[in-house]
Amino acid sequence: VAGRAASALQAATNLAVWIDMLLCLTGYFIAIADSGLKFYVELDPNADKFQLRMMSISGALVIILPLCFLDANKLAFTSTMSVLVTVYIFGILAVEFADRLEKGLTDQNEYWSRAGDVKPLCVFGLG
């Protein structure tokens, strides 16, 4: 009985991981397509947006899909690099955040009060 339960739990866990990875890849494709769309629309405002989006997704698919079939040990370098890049980005955000805090109180600081044409450091979709 315990062996059958273990097999079922292993299958359920594998299925959950595969679904999670599929959703993650879908999110990557959406982010790549949206970023590519903004880039291409700046180059040609009259371009067909659907065609540009499909080109961006197809390009991402050609690059990302083969990575899905690699052994995990072959991806160790890229995993380490992605962790280092994430730490680097958080470092940049922390330095920029500290730099903007030095500019004064938040109600008088154009970076916080949205006065002027200053872009915010981070934009969160909190409503």
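Visitor: What makes something a pocket here, and what volume does the largest pocket have?

Guide: A pocket is an open set of grid points with protein on both sides within 12 Å along at least five of seven lines. In this predicted model, the largest pocket comes out at about 670 Å³.

Visitor: Which residues line the largest pocket, and which elements do they come from?

Guide: The lining has 17 residues, and Leu-25, Tyr-28, Ile-64, Leu-67 and Cys-68 sit nearest the centre. Helix 1, helix 2 and helix 3 (76-101) each give two or more residues. Helix 1 gives the most, with seven.

Visitor: What classes of residue make up the lining of the largest pocket?

Guide: There are 14 nonpolar residues, three polar ones and no charged ones.

Visitor: How do you know that the end-to-end distance of helix 1 agrees with its residue count?

Guide: Helix 1 runs over residues 2-43, so that's 42 residues, and at 1.5 Å a residue they should span 62 Å. The end C-alpha atoms are 61 Å apart, so the two agree.

Visitor: Why is Ser-56 called buried?

Guide: Buried means under 20% relative accessible area. Ser-56 has 8%, so Ser-56 counts as buried.

Visitor: Where is Ser-56 found, and what does Ser-56 touch?

Guide: Ser-56 belongs to helix 2. Leaving out residues up to four places away in sequence, Ser-56 touches Ile-32, Ala-33, Gly-36, Leu-37 and Tyr-40.

Visitor: Which residues of helix 1 are buried, and what covers them?

Guide: Phe-29, Ala-33, Gly-36 and Leu-37 are buried in helix 1. What covers the buried residues of helix 1 includes helix 2 (49-68).

How values were computed
Residues numbered from 1 in each chain as written. Predicted model: local features only at pLDDT ≥ 70, side-chain atom pairs only at ≥ 80, totals over all residues. Heavy atoms only, no water. Helix = DSSP H or I, 4+ residues; strand = E, 2+ residues; numbered from the N terminus. Expected span 1.5 Å × (residues − 1). Buried < 20%, exposed > 50% of the residue type's maximum accessible area, 1.4 Å probe, protein only. Contact = heavy atoms within 4.5 Å. 1 Å grid on protein atoms, 1.4 Å probe; cavity = no way out; pocket = protein on both sides within 12 Å on 5 of 7 lines; lining within 4 Å. Points joined across faces, edges and corners; volume = space filled by probe spheres on them. Nonpolar A, V, L, I, M, F, W, Y, C, P; charged D, E, K, R; others polar.
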